[in-house]
Amino acid sequence: MDTLRYGALDARSPKYWALLIGLGLIAMIGVLSAHHMEVEGHVISGMNNQIVWGMPHVFAVFLIVAASGALNVASISSVFGKTEYKPLGRLSALLAIALLAGGLAVLVLDLGRPDRLIVAMTTYNFKSIFAWNILLYTGFFGIVGFYMWCMMDHGMQKFSKYAGLFAFIWRLILTTGTGSIFGFLVARSAYDTAMLAPMFIMMSFAIGLAFYIIVMLASYQWSERPVGDLIVNRMRNLLGIFIAAVMYFVAVYHVTNLYATEHHAVEKFLLVDGGIFTQLFWYVQILLGGIVPLALIYAPQTRNCRRALLAACGLVLIGGMAHIYIIIVGGQAFPIEIFPGMEISSSFFDGEVSAYTPSIWEILLGFGGVAITLLLVTVGVAILDFLPESLADNIVSYKK
Amino acid sequence: MRRPLSKLAVLKHSLTLILVLILGMSSVYALDEHAINVPAPKGEECVEDPEWMRVNHFKTVLNHRDDTVIRGIRTEKHSLKNCIDCHITANESGDYARYSNSEEHFCASCHTTAAVTIDCFSCHADRPEHVIRAARQQSQLDALKANSVHVSATKLILNTPQP
Amino acid sequence: MNDINKKYTLLNKSDVNANQGVNQGKRTFIGGLVGASGLAVAPGVMLYQTAAAKPLEQAVSSAVRWGMLVNVNQCAEDCDDCVTACNDEHGLWPKEGSTTDSQWIRKLTVKDPSTGNAKSLPMMCQHCENPPCVDVCPTGASFKREDGIVLVNMHTCIGCRYCMMACPYKARSFVHETLENQLPDSPRGKGCVESCNMCVNKIDAGDNTTACAEACSKTGHEAITFGDLNDPESDISTQLKAHGGNQIRADLGLNTGVRYQGL
């Protein structure tokens, strides 16, 4: 039995329904939180006129970045010709769409006027990278959807390679766009750099793959389908490379900033005396999100342990959240330099480091977005043939 | 403690708005104008034919809105401010109705009957300027009074000369 | 001859602007009208007339660029009459210490750490010629009026706050809660971003000043001059020509409409 066969997950088990209802509840609580925030105004969030983007944006950017990264697994087989990854392609596309939907839901629900979403969809200012992102996101759904169709419909399979290539290029542009949302902001010292776009691409590789591995191993464990070591070890090694690459980009980002005297203040803030941001950087982003997972992946003692791999993936996600939190919130907490080199003060908190405590509503909205993602995946794998019935080594290494 | 305005705001949803506008349009014709209990307008006659206005006022307001905001055209004829100045007058007891809580308000009187939901007055003034200015002054005084104990205590601490 | 040349550059500029915005056709048409009448009448006179009192039914034109000049040396450290006047004009009511209440204008203290020299000045929207807030706004709600005033069209603002991320002057505020008793000339509400609008309501009414400039004159400090930067004869232009005026963060190349002397 060496042939690759796909099959939908059994949706009749109570376990499945419990998961579905649980995720549905979290998603609903998230939407209700957003509604509460719209009715009462953002005054009930931790955000203010100093920290204008907060926890919802951290979650949204995290999910959107993960979305384009999750698609990589499919690209590796159809663009780079690694056939071992071929059985994983369908889930990769599904997860990418689900992650993007979850992220966009959070982003949209946090708007001051979410009721005017139709305005955002119909009026574009093409000078705005934000407007471009709206088009990039919509396009992503369409292209990945088509790619999915090519992978799943036998008659369409001849287009699969081209659709895959197009989707790969599109996702690179999309993450560049997401990074540029911050990279184009000349006003703020932490953002004003072209480094952010490539760094976001690398982050998407790591976060997306970590998310993918967790979802894949979890669904195979649940459905009691076999997964062989071959594919798991391939992905483990790939994740290691991605984590190292992210750390390299982080190092380059800070070193280039340190090279310019005008950025010394913001670097000192982020790396030395920024309080929570400094701690998050060293302990969570670098140690927990970088060094520990690398050790778990490459240390001989844990090299072949799936639990260790899952732990590494979880830590990559936590480290990634911290990284995005530092970029978004930390970048705003550092005061805008209206008069570089001068000390400024006012009733509007000029020149002061801004404090931010996210409120429960923002956090619930964020988790709601994650739940929407997982809900879509859970429903998807049960109604269509996304998952191979077996990922045992003989299936994975089988060459057509 | 929530104000009725925010309850209204809950209801505003663009899709509902469109639906309601379409449904509401038909009921505009069915309105019995004598049933509306609103104080008489200030002016002699409306800037347009009242029959026409009843059906089309939102078009004129919408056109004027973009002309004003984007192009700085400030003619009075079709401005919302002008509508409010003329139509929102004091009742017998000298009070001015508010859009959010009274069917005595010219706009609300009809919108309630026709089940039209608008969000104009979550930002725009629903009464003439002098009424709003007076209301602002009153609420400022109220806020001061409510905080008076606290304020005087802080002042006492801050203003006590240090030996 | 010089004046006529200037007229032509202004005309061209208005045409360029017209291609960027909404109501393209209408705007080009208006631009043409203004240009035609400008050529018929003596250019200087025409410019002055536009600056002084625009008829209510006429659209604003790029023949004018409104600006303000702040003389920091005349701005008293303990005076915040401009702030009070702005709050009163636009119905703002920022509570002391609130991190969420809107402030359209604020007094900023700028201290040189090396010398200890401190200056006090009003800070508000700088009404850039190339405003970052307009560049980043996804819906085009943040826009620059033909006469150079940067505004938020609150009918199309979706409250994404990207403009607040982009503004180098921290000039914008987000309305965090339901407002009551907004004034007829300054509609504002929850979920939208807002900032100094250079008192468009007063300018369009022909007041030829802003609330802050007016209040500053009243105190006798005369630190804020309002006027047309395009009109070489205007008070603001002659003052700028005689004594110069700095842009804040001039390095960003935004060409601000608010200039400062004595920094």
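Chain B has a secondary structure of 7 helices and 0 strands, where helices (H or I, at least four residues) and strands (E, at least two) are DSSP runs numbered from the N terminus. Read from the N terminus, its elements run α-α-α-α-α-α-α. Before going further, please note that this is a predicted model: local features need pLDDT of at least 70, side-chain atom pairs count only at pLDDT 80 or more, and totals for chains, interfaces and linings use all residues. Residues are numbered from 1 along each chain as its sequence is written, while chains are lettered from A and ligands numbered from 1 in the order in which they are written.

**Chains A and B**

Chain A holds 14 helices and 1 strand. The radius of gyration of chain A is 21 Å, close to the 21 Å that the globule rule gives for 400 residues, so chain A is as compact as a globular protein of that length. That radius is taken over C-alpha atoms, and the rule is 2.2 Å times the number of residues to the power 0.38. Along the principal axes, the C-alpha atoms of chain A fill a box of roughly 75 × 50 × 40 Å.

The table sets out burial for two chains. A residue is buried if 20 or more other C-beta atoms lie within 10 Å of its own, exposed if 12 or fewer, and partly exposed in between, with C-beta atoms placed from the backbone.

| Chain | Residues | Buried |
|---|---|---|
| Chain A | 400 residues | 52% |
| Chain B | 163 residues | 21% |

Two residues are in contact if their C-beta atoms, placed from the backbone, lie within 7 Å. Among contacts with a separation of 6 or more, residues 24 or more positions apart account for 79% in chain A and for 65% in chain B.

**Helix pairs in chain A**

The axes of helix 2 (residues 55-70) and helix 4 (residues 89-109) of chain A come within 8 Å and cross at roughly 160 degrees. Axes here are lines fitted to C-alpha atoms, for helices over the stretch in contact, and angles run from 0 to 180 degrees between N-to-C directions. Helix 2 and helix 4 of chain A are therefore roughly antiparallel, a label for angles over 145 degrees. The contact of helix 2 with helix 4 of chain A has 14 nonpolar, 4 polar and no charged residues. In this scheme Ala, Val, Leu, Ile, Met, Phe, Trp, Tyr, Cys and Pro count as nonpolar, Asp, Glu, Lys and Arg as charged, and the others, Gly among them, as polar.

Helix 9 (residues 229-259) and helix 11 (residues 276-298) of chain A have axes that come within 10 Å and cross at roughly 155 degrees. Helix 9 and helix 11 of chain A are therefore roughly antiparallel to each other. By class, their contact has 8 nonpolar, 2 polar and 1 charged residues.

**A look at Tyr212(A)**

Tyr212(A) sits in helix 8 (residues 196-223) of chain A. Tyr212(A) is buried, with 26 other C-beta atoms within 10 Å. Not counting residues up to four places away in sequence, Tyr212(A) touches Ala70(A), Val73(A), Ser92(A) and Leu95(A).

**Where chain C touches chain A**

Here 44 residues of chain C are in contact with 38 residues of chain A. On the chain C side, the largest share, 6 residues, comes from strand 2 of chain C. The residues of that side divide into 22 nonpolar, 12 polar and 10 charged.

How values were computed:
Parallel < 35°, antiparallel > 145°, perpendicular 65-115°, else oblique.
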